[in-house]
Amino acid sequence: MTLPPLDSQQWNGAIRAFGWGLRATSATILSMVLFVTFIGIGALAHDTHFSMLWAILSTVLVWAGPAQIILVTTLGSGQTIVQSAIAVTMSAIRLFPMVVAVMPLLRTPATKRRQLVLVAHFTAVTLWVECYRFLPHVPRERRIAFVHGLGTGLITIGLVATIIGYLLAANLSQTFGAAVLLLTPLAFLFSTARNSRELADVLALALGLVFYPVAALLNSGVDILVSGVAAGTIAFGVHKWRQRT
Amino acid sequence: MAAAHVSDFIGDWHTLAVLLVAGVIPNQIWRMLGLWLGGGLDEGSDLLVWVKAVATAILAGVIAQILVHPPGALASVPWFLRYGALAAGFAAFMATQRSIFAGVVCGEVVMLAGKWWLG
């Protein structure tokens, strides 16, 4: 799908921009990835004995695949609510820079913060990546409506997939159940790698993968945070050093 | 019977409350902080490049965590097969000019074939 030119009449009005955002979800491999990931999440929720409503609410209200997986697996393996909440909070830290990075793409001098609350809620890895791809082709004053459409479309895809995965899980053997769960790391890895164009991003991804198993040996309870900050900082340092030379 | 179906669908209220406390609030806090504190940051600033790199590395950590400490049915797959599937998928991804689809399919096929071969 190609979006209309920036000066087209097709961008007149927020409803049309919302519609273009909604339609943009059909144009992307990431929607497929999202679908596949949330089938895995629905299946996992079923296997760990959560209710269908629980799975649905977790997709709509949490709206962050890794956090949902961590929540389900920690609670399912008998950890306390506090331990689970800490692990989820750590994984959710990465939403902070995503929101920070998305906001300047949307703001105009007249934009009020409350107009961006829903955009902040929609922000997760897929929306973050798609904003970089689509927003340069969207007139600035229509970007909030466009992202509202995009986010609504993505959550709907995630929701349908959660329900399908939940229903599938009851009927899958252990091998196929494992295959569904493997979809999540594969989909996350390749979609992130595909969107890592800058050296800093490529290094952060590669070092993050390698550092986690090392950090896990410390068994600090905040292993993901330790490996993430270390790997990200080194990647940033190399990026700055290359800029200088 | 109908009542039993409805209560199966809802589950128990305690678990739904846990979802709010351990799932929804920890995620929304960071989003709203980003909205609140991110206002003054410039897109190309060093701080943002660093923060993006850390976000990417944390996501990479989540990927590694699922493979190193696999949840549910994935734990039935031996470690060398989990890592091997990811490596094979990555090779296919690179060989196809970064096709996410090719990478995912190849990783899944290797895992399933390996599991079948091991019995």
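1. pLDDT is the predictor's confidence in each residue, on a scale from 0 to 100, and it applies here because this is a predicted model, in which local features need pLDDT of at least 70, side-chain atom pairs count only at pLDDT 80 or more, and totals for chains, interfaces and linings use all residues. Residues are numbered from 1 along each chain as its sequence is written, while chains are lettered from A and ligands numbered from 1 in the order in which they are written.

2. Chain A has an average pLDDT of 88, with 98% of its residues scoring at least 70. Within chain A, confidence is highest in helix H3 (residues 52-62), at a mean of 97, and lowest in helix H5 (residues 81-92), at 81; helices (H or I, at least four residues) and strands (E, at least two) are DSSP runs, numbered from the N terminus.

3. Turning to the interface between chains, 86 residues of chain A are in contact with 65 residues of chain B, two residues being in contact if their C-beta atoms, placed from the backbone, lie within 7 Å. Helix H10 (residues 174-194) of chain A supplies the largest share of the chain A side, 19 residues. That side divides into 59 nonpolar, 22 polar and 5 charged residues, where Ala, Val, Leu, Ile, Met, Phe, Trp, Tyr, Cys and Pro count as nonpolar, Asp, Glu, Lys and Arg as charged, and the others, Gly among them, as polar.

4. The domain assignment of chain A gives domain 1 (9-195) and domain 2 (198-245), with bounds that come from an automatic or database assignment. The centres of the two domains, taken over C-alpha atoms, are separated by 24 Å, and 6 residues of domain 1 of chain A are in contact with 5 residues of domain 2 of chain A. On the domain 1 side, H5 and H10 of chain A are the elements that give two or more residues, and H5(A) gives the most, with 3 residues. The residues of that side comprise 4 nonpolar, 2 polar and no charged.

5. Helix H1 (residues 14-24) and helix H9 (residues 143-169) of chain A pack with their axes 6 Å apart and at an angle of about 40°, the axes being lines fitted to C-alpha atoms, for helices over the stretch in contact, and the angles running from 0 to 180 degrees between N-to-C directions. H1(A) is therefore oblique to H9(A) (under 35 degrees counts as roughly parallel, over 145 as roughly antiparallel, 65 to 115 as roughly perpendicular and the rest as oblique). Among the residues making the contact are A:Phe18 and A:Trp20 of H1(A) and A:Phe146 and A:His148 of H9(A), and the residues of this contact divide into 10 nonpolar, 6 polar and no charged.
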